[in-house]
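Here are a few exercises on strand pairing and helix packing. Keep the viewer open and try each task before reading its solution.

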Amino acid sequence: MEIKNADVCVIGGGPGGYVAAIRASKLGLKTIVVEKEYLGGTCLNWGCIPTKALYHVAEKIEEIKKSEIFGISVSGYSLDFTKAMSRKDKVVMAQRQGLAYHFKKNNIELITGVGKLSSPTTVDVNVEGSDNTVRVNAKNIIIATGAFAGSVPPFILDGNVVIDNIGVLSLKEIPKSLLIVGGGVIGSEFANIFSAFGSEVTIIEILPRILSTEDVEVSKVIAKSLEKKGVKIFTNTVAKDVEKKGGRIVCKTNNGQEIIADKILISVGRKPLSDNIGLEGLGIKRDEKGFIVVDDYLRTNIPNIYAVGDVIGGYQLAHVASYEGKIAAENIAGHNKPIDYKVIPWAVFTSPEIGTVGLNEEQAKTKGYNVCFGLFPFSNSGKAYITGETEGFIKIVTDKDTGEILGAQMVGPRCSDLVHEVAVAMKGEMVIDNLADTVHTHPTLSEAVMEAAEDCFGLATHFSK
């Protein structure tokens, strides 16, 4: 058995693990990362990056479809799906190579294999492609093993007809019909992509609306947009019976629908990768769903063992995992810094896009705030008219008594970027007056943020309620 020593051993090379490793190394800690497959984890290899590469293709198709309004006549177009998927793979590979470069520059050692905790300061690694075992003696350990998509009865993942995010990103051809089980973020994003690609897409969602974690009005905009693109959406719907017929699947629902599909994408929830990594033997606490329990400093109940990312539950967003990784590394370096989730922006890459940060109106009222909000529709934006993207709005929620910005919900063009203007204002503890008084370049989409802030006082120039 080969022995290696480190200040920090990170188990998992996803956005939580690799960022933690780079931060730890920059803080002067000798760091080793154990990753069973590819650097970048789910996000880079089977999630955020490849999905958005395909989303970009879908965006280009939508632009071609509406090119007539700009005076551009397109007689026809065709999608080379193989080429689009190949480019997606090249994007992923380039990002992987970039991470390997950063590891080299920061003197981080990567061991490819399956790691398991054998003591509070020891990780044993079965090295990939050999019978060798490496023992890493580490003063501190960060668990960043992530999560995975599981089967949802009555659907059983088979990697062929019933697929998860990995399966859908590995397709060789566009399915003629695609049934998506779950209308959350993943389901809605893939519905947008494959409807643009020409698939007949159906979503079934157990809850009363898709994107149930988003603001109600935001959810309505996306549902209407998807339906205009031909996507069928069945809410309050549960699959009761499933059978295969001639290579296709017939799904019968509780509402009496019979849906026939070539492929079924399961996009309902994710389960933590917390089994078989040695937690039980060390008595590391997990909740009833298997997520590792941590304190405000990302420590488990064993003080020198930390956990970050999807394996601890919470937001289950790549950028949150990275933030947690940085905090864990800094605490190992002695900074004693608690995690702060108050300002966490996120985006949904549908068309139009969603950007969200902080509390929505309903949540703020529930917390007892005297709520005031400002609204600005993109239909009143000069730049949105120029680009032909007038769907949606920006809504900023504030405390009427103090002017504190509590959150923002936006749906429309480039909202995945625009949301950060509000996030920065919140992080800097600006009041809504500051945002309203900040001069914005004309004509830009970001002017909509300023006007929504002005509307909190009824002073928006280009919008009257």
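This is a predicted model: local features need pLDDT of at least 70, side-chain atom pairs count only at pLDDT 80 or more; totals for chains, interfaces and linings use all residues.

**Exercise 1.** In what order do the strands of the parallel sheet lie, and which are its edge strands?

*Solution.* Start with the pairing: 5 strands form an open sheet, in the order β7-β14-β8-β9-β10. Next, look for strands that pair on one side only: these are β7 (162-163) and β10 (232-234), the edge strands.

**Exercise 2.** How many bridges join β8 to β9, and which residue is the partner of serine 177?

*Solution.* Take β8 as residues 177-181 and β9 as residues 200-204; the two run parallel and are joined by 5 bridges. Then go to serine 177: its bridge partner in β9 is glutamate 200.

**Exercise 3.** Which strands does helix α6 lie across?

*Solution.* Find α6 at residues 185-197; this helix lies across β8, β9 and β14 (263-266). Now compare directions: α6 runs at about 165° to β9.

**Exercise 4.** Work out the layout of the antiparallel sheet.

*Solution.* This open sheet has 5 strands, ordered β17-β18-β21-β20-β19. Its edge strands, each pairing on one side only, are β17 (346-348) and β19 (371-377). With direction ignored, neighbouring strands are turned by 15° against each other on average. Zooming in, 3 bridges join β17 to β18 (residues 353-358), and tryptophan 346 stands opposite threonine 356 in β18.

**Exercise 5.** At about what angle does helix α7 run to β21?

*Solution.* Locate α7 at residues 216-228, lying across β18, β20 (393-399) and β21 (405-412). The angle of α7 to β21 is about 10°.

Terms used. Residues are numbered from 1 along each chain as its sequence is written. Side-chain values use heavy atoms; hydrogens and water are left out. Two strands pair if DSSP finds at least two bridges between them. Helices (H or I, at least four residues) and strands (E, at least two) are DSSP runs, numbered from the N terminus. Contact means heavy atoms within 4.5 Å. Axes are lines fitted to C-alpha atoms, for helices over the stretch in contact, and angles run from 0 to 180 degrees between N-to-C directions.
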